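Grab a pencil and work through these exercises with the structure open beside you. Try each task before you read its solution.

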Number of protein chains: 2
Amino acid sequence: MQVAQEEEKGKEEERAKWYTDVIQQSELADYSPVKGCMVIRPYGYALWENIQKPLDQMIKDTGHQNAYFPLFIPESFLQKEKEHVEGFAPECAVVTHGGGKKLEEPLIVRPTSETIINYMFAKWVQSWRDLPLLINQWANVVRWEMRTRLFLRTTEFLWQEGHTAHASEKEAEEEAAKMLEVYRDLAENWLALPVITGTKTDNERFRGAVRTYCIEAMMRDGKALQAGTSHYLGQNFAKAFNIQFQNQGGELEFAYQTSWGVSTRLVGAVVMGHGDEKGLVLPPKIAPIQVVIVPIYKSDEEKILVTERCKAIAAELKGSIRVHLDDRDQYTPGFKFNHWEKRGVPLRLNIGPKDCAKNVVELVRRDNGEKMRDFSQDGLKEKLEELLKKVQQDIFDRALANRKANTVSATSYDEFKALLKEKNCFIEAYFAGSNEDELKIKEETKATVRAIPFEQKVEAGAKCFYTGKPADKKVLFAIAY
Amino acid sequence: MQVAQEEEKGKEEERAKWYTDVIQQSELADYSPVKGCMVIRPYGYALWENIQKPLDQMIKDTGHQNAYFPLFIPESFLQKEKEHVEGFAPECAVVTHGGGKKLEEPLIVRPTSETIINYMFAKWVQSWRDLPLLINQWANVVRWEMRTRLFLRTTEFLWQEGHTAHASEKEAEEEAAKMLEVYRDLAENWLALPVITGTKTDNERFRGAVRTYCIEAMMRDGKALQAGTSHYLGQNFAKAFNIQFQNQGGELEFAYQTSWGVSTRLVGAVVMGHGDEKGLVLPPKIAPIQVVIVPIYKSDEEKILVTERCKAIAAELKGSIRVHLDDRDQYTPGFKFNHWEKRGVPLRLNIGPKDCAKNVVELVRRDNGEKMRDFSQDGLKEKLEELLKKVQQDIFDRALANRKANTVSATSYDEFKALLKEKNCFIEAYFAGSNEDELKIKEETKATVRAIPFEQKVEAGAKCFYTGKPADKKVLFAIAY
């Protein structure tokens with residue numbers, strides 16, 4: 001028993017070290033001199049841009065507009081919504097001095113922008129004609145964190161935060177559901193991360209929201225990672241900030257609202273959701289480099305021949321494929337193989353003099369290590385495009401298989417505890433416990449309810465695994481990042 | 001004399017009011033509850049995105065990579081470069097508390113990121129092989145401002161800041177020049193703002209730089225606006241942050257650096273560089289909406305007919321033109337004309353039942369008010385694309401003509417003062433005065449040296465307009481925003 005726990009602790013430490021090593025060695029990010037803040041290096045930022053771009057398009061395609069609101073929030077604003085202040089007050093960075101003087105009212109560096117955005121909404125919304133108001137912001141936010149982890153939990157992070165106001169509860173609820181679906185689409189079809197969609201329990205709900213929806217992904221180690229949330233806020237903020245509109249019947253009514261966000265945490269999700277002992281494994285659709293070409297030569301003569309061919313191939317692929325030719329002279333091919341494997345580049349083409357003669361390349365897949373010798377150079381672009389699609393799908397399928405293999409059911413608390421001891425996993429269980437029961441389970445096992453999944457197949461006569469009471473829903477438990 | 005001054009003051013106030021009115025009425029931006037900070041509204045943010053997009057591409061095309069560095073900077077960092085701290089210390093916002101506790105060392109909200117980026121550069125640079133290091137960051141920065149003005153001068157603003165390190169002075173100087181050229185390209189070919197390129201005098205130089213290059217644009221009222229700067233930093237920051245590399249000869253050497261930036265101030269430049277009494281005039285290449293369609297009808301029957309045709313035209317234009325169909329039912333065509341004129345949409349198509357019958361539209365240009373009746377619907381997309389190019393060029397030409405008409409020469413200080421009394425203008429003058437002379441001129445006339453233009457035609461025996469001494473250069477004086 002003691003031994004098993006020590007072993008688990010050892011594995012845990014090893015995984016944590018693997019994670020930070022991979023991020024630093026692949027140059028996604030680096031530690032900064034400011035406690036809890038990281039530097040996103042070019043390779044990591046390019047990955048983030050490749051996540052931002054499709055998401056920004058989806059946000060616009062669903063009728064939202066980008067805008068920008070101040071970094072600073074008057075301290076008094078945070079106190080207007082009771083639950084909200086309880087949630088954020090201990091996490092804030094506070095500006096007390098500006099322009100060499102002490103400020104009359106301290107300014108909070110935004111931990112999220114609900115308050116200041118809703119202050120502006122109150123100015124802009126008068127009539128039902130002004131609704132819906134569908135706003136998104138790309139911004140940095142700050143939450144003072146004690147224990148930080150690159151990308152997953154940092155004092156400052158980058159995110160987008162959507163904020164909307166609607167004329168009816170129904171419309172706002174539909175909006176919250178629609179944006180969760182956008183996040184599912186992004187996670188599954190771009191990040192190749194299968195996710196569970198569902199509702200958070202009261203304990204896990206965003207403070208100030210009526211309901212929080214989420215997407216939850218399983219990492220390769222069996223832990224859960226919350227990858228995005230969408231909140232139905234009801235009229236909570238509208239009442240706190242007096243966002244009232246004249247409805248079609250001529251009466252004043254408080255607006256119904258939502259907010260939703262994903263952050264640079266998604267980069268961490270990609271690292272831990274797909275990475276292996278060699279480093280990153282990047283889904284082609286978001287990989288900063290999709291295909292790397294490594295020329296192989298011994299003599300100067302070979303170098304000229306091979307480099308020329310590599311350049312021609314790179315030129316052919318460019319435009320439709322993000323290709324990089326690694327023609328650095330000071331490194332060996334072996335060094336380069338390792339370099340690009342660590343960085344998770346989906347496909348590598350090795351090209352030597354014999355390949356040139358035979359009009360072929362050696363093609364290596366990063367995700368499964370498959371090596372294809374004598375891969376013809378004819379129609380290379382089309383074949384690589386096809387292969388990149390296949391790699392994208394295979395990475396998704398592998399993550400899905402991993403989740404299936406590590407998702408179990410529990411019918412009693414003893415079984416629940418035994419399962420968690422064995423390994424990290426998703427546990428589906430009928431649950432009818434109270435908020436306090438949930439907290440007790442967390443305290444004893446570290447597992448939390450990640451979601452009440454939307455997809456439910458509830459059997460007649462189902463009983464809660466913890467209380468034994470009749471249960472009308474299954475929930476998903478896991479240990480989370 | 002007194003009367004003239006009062007008149008000028010009145011005009012000045014009127015122009016200031018025009019500027020803020022236009023920005024608020026066109027919904028580019030709004031005042032926020034945080035002193036000196038503004039809210040960039042969707043229309044303004046879309047305009048900023050249309051400036052960002054081509055610039056980001058140009059920055060990448062010239063070999064730079066985006067990255068992200070912390071918002072907060074340890075207070076001690078700012079003190080490492082002497083001139084830099086003198087420049088920024090009085091302007092800073094200071095975080096003294098985080099996570100509910102007083103911080104051991106206060107954190108500065110970045111006014112610019114030279115210090116923290118160079119701290120990281122010192123970690124990353126060891127050998128000449130690590131150079132050049134070509135980094136760009138899109139970020140928000142904060143400089144405490146007493147007198148703020150929407151877009152032009154706000155406590156928080158958005159910008160990009162490039163930071164590079166090189167193995168030689170020559171290469172760094174070339175980089176600074178190259179990025180100034182990128183800014184010129186952006187200003188002239190996208191924002192339709194002709195600019196003067198040149199060097200700043202010591203008084204106007206960025207603190208910590210060896211040399212500051214700039215692009216200066218003339219606004220429609222004859223004042224100057226600094227639209228972008230590029231700095232050759234020499235080894236100043238490298239010495240302060242110990243960025244040393246082993247050069248090819250095996251010796252340790254401090255890196256040579258540059259930094260360069262443009263900001264949301266460019267949106268202000270577009271407003272004041274092109275706007276007229278009706279509101280914004282947007283160059284097509286950056287306009288969020290390039291063509292707006294206004295259906296005109298009286299009966300329900302006409303409405304169906306006209307709206308259907310308008311939708312078909314919008315669908316035809318979409319993809320290659322940013323088109324918007326204003327089919328709001330609660331507003332009259334006259335209201336809509338005014339609405340879109342205020343917002344500077346380059347082209348408007350008015351379409352009524354007769355137009356449908358005749359297969360034509362009424363086309364109105366925003367920049368010069370030209371109205372083209374019976375403009376055939378055949379090949380509309382191609383014709384509008386051509387016309388948008390022409391409008392872009394015409395807006396540039398008009399701004400250039402305005403600058404030429406308001407650029408004068410002065411050969412004596414009396415003449416100089418008389419010219420400035422008459423109207424705001426650019427004054428080219430031979431100058432050989434000292435830093436103190438320059439400050440004296442500023443104190444007495446408010447005019448500053450905007451640039452020592454790169455393009456110089458110096459006549460033999462030229463004399464300084466202020467000191468009468470022999471002068472080897474012309475400088476450009478103006479009153480600046």
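**Exercise 1: where the chains meet**

Find out how many residues of chain B are in contact with chain A, and describe that side of chain B.

Step 1. Count the contacts: 41 residues of chain B are in contact with 41 residues of chain A (contact means that the C-beta atoms, placed from the backbone, lie within 7 Å). This is a predicted model, where local features need pLDDT of at least 70 and side-chain atom pairs count only at pLDDT 80 or more, while totals for chains, interfaces and linings use all residues. Residues are numbered from 1 along each chain as its sequence is written, with chains lettered from A and ligands numbered from 1 in the order in which they are written.

Step 2. Look for the top contributor on chain B's side: strand β5 (residues 93-98) gives the most, six residues (strands are DSSP runs of E, at least two residues, numbered from the N terminus).

**Exercise 2: the paired strands**

Work out how β5 of chain A and β5(B) are joined.

Step 1. Five bridges link the two strands, and they run antiparallel (strands pair if DSSP finds at least two bridges between them).

Step 2. Pick one bridge: A:Ala93 has B:Gly98 as its partner in β5(B).

**Exercise 3: domains of chain A**

Which domains does chain A have, and how do domains 1 and 3 touch?

Step 1. Chain A splits into domain 1 (2-274), domain 2 (291-390) and domain 3 (407-478) (bounds from an automatic or database domain assignment).

Step 2. For domains 1 and 3, 17 residues of each are in contact with the other.

Step 3. On the domain 1 side, β9(A) gives the most, with four residues.

How values were computed:
Two residues are in contact if their C-beta atoms, placed from the backbone, lie within 7 Å.
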